[in-house]
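Please view the chain first.

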Amino acid sequence: MTILLATLGTLAAGLAAVAFIGPLRRSLIARHLLEQFRRVMPAMSRTEQEALEAGGTWWDAELFSGRPDWSRLRNLPPARLSPAEQAFLDGPVEQLCRMLDDWRITHEDMDLPAEVWSFIRRERLFGLVIPTRYGGLGFSPLAHSEIVMKLASRSITAAVTVMVPNSLGPAELLLRYGTQTQRDRWLPGLASGEEIPCFALTGPKAGSDAASTPDIGVVCRGVFKGRPTLGVRIDFDKRYITLGPVATLIGLAFRLTDPDRLLGDDPQPGLTLALIPADTPGIERGRRHLPLGIPFQNGPLVGRSVFIPVDWVIGGRDGIGKGWRMLMESLSEGRGISLPALATGGGKLAARYTGAYARIRRQFGRPIGDFEGVEAALARIAGRTHQMDAARRVFLAALQAGEHPAVLSAVLKYQLTEAYRQVINDAMDVQGGSGICLGPANPLGRVYQAIPIAITVEGANILTRNLIVFGQGALRCHPHVLEEFRAAGDPDPVRALERFDAAIAGHVGFLIRNLLRTLRDGLTGGRLAARPIEGWLGRHYQRLDWLSSVFALNADLAMMTLGGSLKRRERLSARLGDILSLLFMAACTLKHHEDQGRPEADRDLVEWAMADHLIRIQDALVALWRNFPRRGLARGLRRVCFPTGLPFEGPSDALEHRVARLILEPGAARDRLTAGIFESRDPSLAVGRIELALAAATHADEVQDVLRAAVRQGRLADHDASTRLREAVAARLITAEDAAAVREAEQLRDAVIGVDSFVELRPRQRRIQDESRAAA
């Protein structure tokens, strides 16, 4: 350790000397560094450049600084629903949830019923984000999220149907980039549901790399409605298009070419977006897709020699070639709202009803939730759901405050859909046979089936984790790297050297500060780090402050030593992205707890969430160092970051026990954790029976405790349950009402643990077809 400190001190002194002697630095060092930087700098495509310019930064930049300003996060006003938004949730959204029969939707009709489509249109659920002046609801990001989350807890099909027009859809693109004529023409119809929108982006040969789509539009002169018109002739082949089979208005992404330069000097303007009525000649709908048995409307769209006026390009002529930036900016918020809401809805559903099921279902004479293996799964369900909801709420607060954090939207989409996968897998393990038998009594089966859909859409998770989070985050959020790139690309050699030198000088100082801060905090366990609040919560802030400098140091040295090759070393980039993501999620956990008024009953949830975040950050760091190609540097980083050994251990067994109890019993903590999903005590609904059975089991178990004690004391014979109840009433050990409560609890328990069975399993549509053929 002494040798290491001496080496670091010498390095720091040398770096400091260079940092403060400007002319010497430029002539002896900066010039050579600039040449080397240009050689190793990864090539940046136009697509990547446009992605970097889309949206903005927020708390991700603070984490990259190594010294986050906690007041910026803690002073962010929490997102709140307006009275009108709350009334809409309590009224039309609640009514819609009660109209939905998910078994009928997914097994019989393979679609939403006609009355549901009419209700969605009438209540303007396709116009959540459209301002009231165009006939929409003009709701906030929080209201949008809460509506999707509640619907997702009732029917994934309905949730997807509502969320797509309100995330990456023509309405948002029109509001941001459309001409006033386009807004006036389309937004009222989109708000009322008269127009059903879809957005055609993905094709057979272009998924995540949408900017390389082979769908081509050629600027040309043609005839439109009998008049000579400057327009675009397009051929396209799209698939996986949600609402495509029923859409009346298609948002289309294509590569625009202008070989005759009819629009300007650029013969390849690039990715462009247009709005095209679905009945335009040349457009054909393909047969429907069926995404894993979740029958929201989805299918291919094909266009052959489709001619449209140039005015149909979103933004008119000003929108030519700007499609990728439009998509990145719109997608960054859409994927930060809709899919995280769906994922959180699934998590809350599992926390509320799988937790209750584990209390109701008994094996070996006790609730299965009492077994330690089940407790561990329940703790993960509750803890990860709390993490999801915290990140969702804080991100929405940032959006409502006017922030546009593009990288964090990718973090949110990836982390929450992955947590959704983990939570539902744990819930299926707990539910056992009741989870795998589909039918009206199973509220979890279709949620489980839908997991890969959320993982895949709006940026596949593998791509998001390995290429986007750190790849874009490092350039967008680092205080100096983006300027170094821009300086290296400056064609003026004198100005390029001056800009690069200034950026490098700042970068060196930044590196020294993070190095010293990381070593200090490593030696003290973060006890000298920033502590914006006292108590146990403040200690967690200190740990995150320490890990922020650890992250900044490791990210910096990885970029400096690996250069452009880091872009190709996707596993290393993914681990750095994991650290950034988990730091953000952990910070949201603390912020959310403060926003809720720091309820003491939720402390165990927060402690579990933080222990889980910290151990996963530590694991990502260890994996980074183990696989880092500069072995000496990796060993040095480990000793600087954690000089006293690995500090984090993850949630303890005792903590997991306490967290599991929160969702095994009715209570305020359980209600807060699962707030916002569809709830019912209607015995005709599966979730209603679970709620009734949980309440009955709580009272019945108190009576059973009295009976068991009486048997042990010899005051009551160990007969069968029915006889024991009669004798206990006769002996006045319990009341007749108590006995009735026990019998009712057993009936409700039987109803909950029972599963559906069928005479035959053919969907209704196929059965009708078969019967028609037989009659013919």
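The text below covers a helix pair, a strand residue and the cysteines.

This is a predicted model: local features need pLDDT of at least 70, side-chain atom pairs count only at pLDDT 80 or more, and totals for chains, interfaces and linings use all residues. Residues are numbered from 1 along each chain as its sequence is written, and side-chain values use heavy atoms, with hydrogens and water left out.

Helices (H or I, at least four residues) and strands (E, at least two) are DSSP runs, numbered from the N terminus. The axes of α25 (residues 603-627) and α26 (residues 631-641) come within 8 Å and cross at roughly 155°. Axes are lines fitted to C-alpha atoms, for helices over the stretch in contact, with angles from 0 to 180 degrees between N-to-C directions. The two helices are therefore roughly antiparallel, a label for angles over 145 degrees. In this contact (heavy atoms within 4.5 Å), α25 residues including Trp-625 and Arg-626 meet α26 residues including Leu-637 and Arg-638.

Leu-273 lies in strand β5 (residues 270-277). Its C-alpha atom is separated by 4.7 Å from that of Ala-253, 20 residues apart along the chain. Beyond four places in sequence, Leu-273 touches several residues, among them Phe-199, Val-313 and Met-326.

Buried means under 20% relative accessible area, exposed over 50%, and partly exposed in between (1.4 Å probe, protein chains only).

| Residue | Relative accessible area | Class |
|---|---|---|
| Leu-273 | 0% | buried |
| Cys-97 | 0% | buried |
| Cys-437 | 30% | partly exposed |

The disulfide count is 0, with a disulfide taken as a pair of cysteine sulfur atoms within 2.5 Å.

Methods:
Parallel < 35°, antiparallel > 145°, perpendicular 65-115°, else oblique.
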